[in-house]
Amino acid sequence: MLGLMQNWPLLCHRIIDHAATFHGERKVITRSIEGPIHTTNYADIRARALKVAQRLEKDGIKLGDRVATLAWNTWRHLEAWYGILGIGAVYHTVNPRLFPEQIAWIINHAGDRVMITDLTFVPLLEKIADKLSTIERYIVLTDAAHMPKTTLKNAVAYEDWIGEVDGDFAWKTFDENTAAGMCYTSGTTGHPKGVVYSHRSNVLHAFMAAMPDCKGLSSRDVVLPVVPLFHANGWSLAFSTPMVGATMVMPGAKLDGPSIYELLNTYKVSFTAAVPTVWLMLLHDLEKTGGKLPHLKRVVIGGSACPRAMTKTFQDKYDVEVVHAWGMTEMSPLGSLCTMKPEYAALTGEARLDVEMKQGHPPFGVEMKITDDSGKPLPWDGKTFGRLKVRGPAVARSYYKVEGDPVFEKDGWFDTGDVATMDRYGYMQITDRAKDVIKSGGEWISSIDLENLAVGHPKVAEAAVIGVSHPKWDERPLLVIVLKKGESTTKEDILGFMQGKIAKWWMPDDVVFVDEIPHTATGKIQKLTLRQQFKDYRLPTEQAAE
Ligand code: ADP
């Protein structure tokens, strides 16, 4: 017997229809690439997205064709997304922080037909355009007055381009399993891999993301998506924000501390989300200026581990709740968020912070387990760590044009490549990436735990821990540190600070001070580069062991 309910395909553009109909006047405010603040609303975004759809169709773009966007978070980018989605074409967000060769590689791999880009990236594209054989035309997200002279093929200013149609257009309908978007993983090992989201997975993921124990969004919120749309599907903010009808504030190209601070306070932002490096800049700025955050209620921090000191500062000094989150491009990307279940809700002080350092519990729609190398499930005791595996309707089942990648296991589980513990209440904590964990004498040392501890030192701005080969122990931890501007200290001081807070055998064998730690295109510490940099490093304990 079948249910007798309507067949209403879960299509992404229905989200902007809903926002335009029931929250039509709600503002979408952007710091434009050209400079001034621009204000529009969901009704206008939808009307112009329809023009994008109509105009793309006029250019011959059809169901399944890929349209690249190399752009910051702006209202025009949002319109472009929904316009692409509305004809069943596939948005492909390209991360401008990748190396130019990598950018060219993923555009070719995806076979993008159109490139929609910001003024910022015109020079970059001009340099690689001869390698982009599939791109038929470039649309620059600006108006005629700001359109630069460019050698890009068939280049046109976005406003002129959509100005050629009247917007009298209806969305296409199609199966909800149709591809909606693409995003490539940053490819810290080998070539980047393409993840292909479907309309259904994006809509289900947006429902999930908005729930109270996730981002907890409502129409009363003012949302500042600092995380760019090109970073792991923008953490769903381009979907979950209009879905609930919240006001949206888009930062454009300026993600520095003062620029973000200005938006937070001027527009009374209540919710925001980004990787730790962004918040490091903001907190540093606030420390200097003495600024306050009276309107901000919640900040989601993920992409890499949120340092304890950061959570503490946001909560104790600025009265902003930190929600630590974990996810992956392959998971649309949300996997877990650290909101307080009743079992932990009454905790305060350091005990609460201990829980907040965990990456949290999954929402409905994400199944999770930890296993040993043979696939045997491990206990949820908060101590035993193993391979973290997930399953769900917004989790990838394959990479684009890659057959049989072993990370997609036969029984439907995806091996995340992360190593984690689970506690009795279902809170997951990342111990490391499988390839970053330090293997010392057959035991594992978590590089993340050591980094978190080291950045708690008042003079430390950033810390990274890598395994360096050791004749006796196989690998031992080396702590690499960037000090805060103008500070100086010694190895002994840093190690003294860490002493007693971790097991003795976890103590780094050495500390080196550097001016800069390399980061990936999504703001994560680039351990691979760091390991290469220190591959010939001789630990003092190594000499002692000889
Ligand atoms: P990529 O894998 O291409 O670097 P993603 O943005 O998909 O880009 O990164 C996913 C990975 O980032 C996770 O597998 C995990 O290792 C790491 N990560 C994400 N959030 C956290 C977090 N809160 N704490 C620790 N690691 C995290």
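1. Helix α10 passes helix α11 in a left-handed crossing; a crossing is called left-handed if the near helix is turned anticlockwise from the far one by less than a right angle, and right-handed if clockwise. Helix α10 spans residues 276-289 and helix α11 residues 308-318; they pack at an angle of about 45°, with their axes 11 Å apart. That makes α10 oblique to α11. Angles under 35 degrees count as roughly parallel, over 145 as roughly antiparallel, 65 to 115 as roughly perpendicular, and the rest as oblique. Axes are lines fitted to C-alpha atoms, for helices over the stretch in contact, and angles run from 0 to 180 degrees between N-to-C directions. Helices (H or I, at least four residues) and strands (E, at least two) are DSSP runs, numbered from the N terminus.

2. This is a predicted model, in which local features need pLDDT of at least 70 and side-chain atom pairs count only at pLDDT 80 or more, while totals for chains, interfaces and linings use all residues. Residues are numbered from 1 along each chain as its sequence is written, and side-chain values use heavy atoms, with hydrogens and water left out.

3. For helix α1 (residues 13-22) and helix α2 (residues 42-58), the axes come within 7 Å and cross at roughly 140°. Helix α1 is therefore oblique to α2. The crossing of α1 past α2 is left-handed.

4. Helix α7 (residues 199-210) and helix α8 (residues 237-244) have axes that come within 9 Å and cross at roughly 65°, which means that α7 is roughly perpendicular to α8. Here α7 passes α8 in a right-handed crossing.

5. The ligand is surrounded by 16 residues, the closest being Ser186, Ala325, Thr329, Asp418 and Arg433 (a residue is near a molecule if one of its heavy atoms lies within 4 Å of it). Strand β14, residues 321-327, gives the most to this shell, with 4 residues. By type, the shell divides into 4 nonpolar, 9 polar and 3 charged residues; Ala, Val, Leu, Ile, Met, Phe, Trp, Tyr, Cys and Pro count as nonpolar, Asp, Glu, Lys and Arg as charged, and the others, Gly among them, as polar.

6. Ala305 places a backbone N or O atom 3.2 Å from a nitrogen atom of the ligand. The protein covers 96% of the 570 Å² of accessible area that the ligand has on its own (Shrake-Rupley method, 1.4 Å probe).

7. Two backbone details remain. Ser332 and Pro333 are joined by a cis peptide bond, with omega about 15°; Pro333 lies in the loop between β14 and β15 (334-337). Asn154, a residue other than glycine, has a positive phi near 50°, and is placed in the loop between β6 (137-140) and β7 (156-157).

Definitions and conventions: Polar contact = N/O pair within 3.5 Å; in protein donor to acceptor, adjacent residues only side chain to side chain.
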